[in-house]
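Okay, thanks everyone for coming.

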Amino acid sequence: MASIWQYANPLKFMRTTEAVLPYVSAAAAICLATGLIWGFFFTPDDFRQGSTVKIFYIHVPSAMMAINIWVMMLVTSLVWIIRRHHVSALAARAAAPIGAVMTLIALFTGAVWGQPMWGTWWAWDPRLTSFLILFLFYLGYMALWAAIEDDDTAADLTSVLCLVGSVFALLSRYAVNFWNQGLHQGASLSLDKEENVADVFWYPALVAIAGFVLLFIALVIVRTNTEIRARRARALLARERMN
């Protein structure tokens with residue numbers, strides 16, 4: 001565990017992440033290109049959903065990332081609350097806009113997918129509603145960071161908000177298990193072969209999901225390092241004003 005906490009040092013974190021960033025970025029580009037091209041152009045149409053099913057390769061990875069990015073923010077916020085490591089708080093801040101975009105993509109592609117399947121662009125389905133609330137929590141989280149000048153105070157308050165919002169992240173993931181009603185289908189990717197999609201769709205989806213995960217890692221590295229530099233610049237400016 002001691003080796004993990006050494007990356008709480010901003011300089012150590014930046015040196016390490018900037019060294020691995022080119023490799024992560026290249027892997028993300030390869031996985032995204034492979035998964036999306038494979039899924040969109042080299043898989044058959046579904047016998048019920050036709051070519052509309054191809055939205056699956058964007059909708060499912062973005063929805064998974066929307067939830068898991070909030071979970072990552074929860075973990076880093078807890079690290080801030082317990083250990084007071086600034087890198088963890090800044091990583092949570094850096095991840096929030098990425099998570100908001102992923103949630104928005106999931107909502108949009110879900111509407112495009114749902115319209116021909118359900119006959120409506122939107123329904124107050126448990127999972128859809130919890131996803132919309134999760135998106136609003138992302139916006140609130142970013143607004144709270146922007147509204148407070150003191151970084152430590154902002155980190156404290158946004159960490160509390162992150163804890164509250166985690167309820168809706170869990171609901172977004174498990175809503176269809178909690179409530180039987182609703183239009184949204186069950187899990188498309190699972191360890192249960194009876195629920196899982198056919199292998200012809202499953203394999204390119206896994207590659208696309210890997211691409212989304214790697215893309216998030218690359219983006220959060222860039223944004224976290226930018227946040228660290230911005231915090232150091234604000235600290236220097238504050239010190240000059242005092243002098």
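Reading along the sequence, the protein chain goes α-α-α-α-α-α-α. That's 7 helices and 0 strands, where helices (H or I, at least four residues) and strands (E, at least two) are DSSP runs numbered from the N terminus. Before I go on, this is a predicted model: local features need pLDDT of at least 70, side-chain atom pairs count only at pLDDT 80 or more, and totals for chains, interfaces and linings use all residues. Residues are numbered from 1 along each chain as its sequence is written, and side-chain values use heavy atoms, with hydrogens and water left out.

Some totals, then. The chain has 243 residues, and 43% of them count as buried; buried means under 20% relative accessible area, exposed over 50%, and partly exposed in between, with a 1.4 Å probe and protein chains only.

Now the packing. How do H2 and H7 run relative to each other? Helix H2, residues 10–41, and helix H7, residues 199–242, have axes that come within 7 Å and cross at roughly 150 degrees. Axes here are lines fitted to C-alpha atoms, for helices over the stretch in contact, and angles run from 0 to 180 degrees between N-to-C directions. So H2 and H7 are roughly antiparallel; the cut-offs are under 35 degrees for roughly parallel, over 145 for roughly antiparallel, 65 to 115 for roughly perpendicular, and the rest is oblique. H2 passes H7 in a left-handed crossing, meaning the near helix is turned anticlockwise from the far one by less than a right angle, with clockwise being right-handed. By class, that H2–H7 contact has 26 nonpolar, 8 polar and 3 charged residues. Nonpolar is Ala, Val, Leu, Ile, Met, Phe, Trp, Tyr, Cys and Pro; charged is Asp, Glu, Lys and Arg; the others, Gly among them, are polar.

Next, H3 and H4. Their axes are 7 Å apart at an angle of about 155 degrees, so H3 and H4 are roughly antiparallel as well. The crossing is left-handed, and the contact divides into 20 nonpolar, 10 polar and no charged residues.

H3 also packs on H7, at about 40 degrees with the axes 9 Å apart, which makes H3 oblique to H7. This crossing is right-handed, and the contact has 18 nonpolar, 1 polar and no charged residues. On the H3 side you'll find, among them, Phe56, Met64 and Met72, and on the H7 side, residues including Phe201, Phe212 and Val220.

Finally, some single residues. Arg84 sits in the loop between H3 and H4 and has a positive phi, near 60 degrees. Most residues other than glycine have a negative phi. Arg84 is partly exposed, at 39%.

Trp122 lies in the loop between H4 and H5 and is partly exposed, at 30%. Leaving aside neighbours within four places in sequence, Trp122 contacts Leu107, Leu128, Thr129 and Leu132.

Terms used. Contact means heavy atoms within 4.5 Å.
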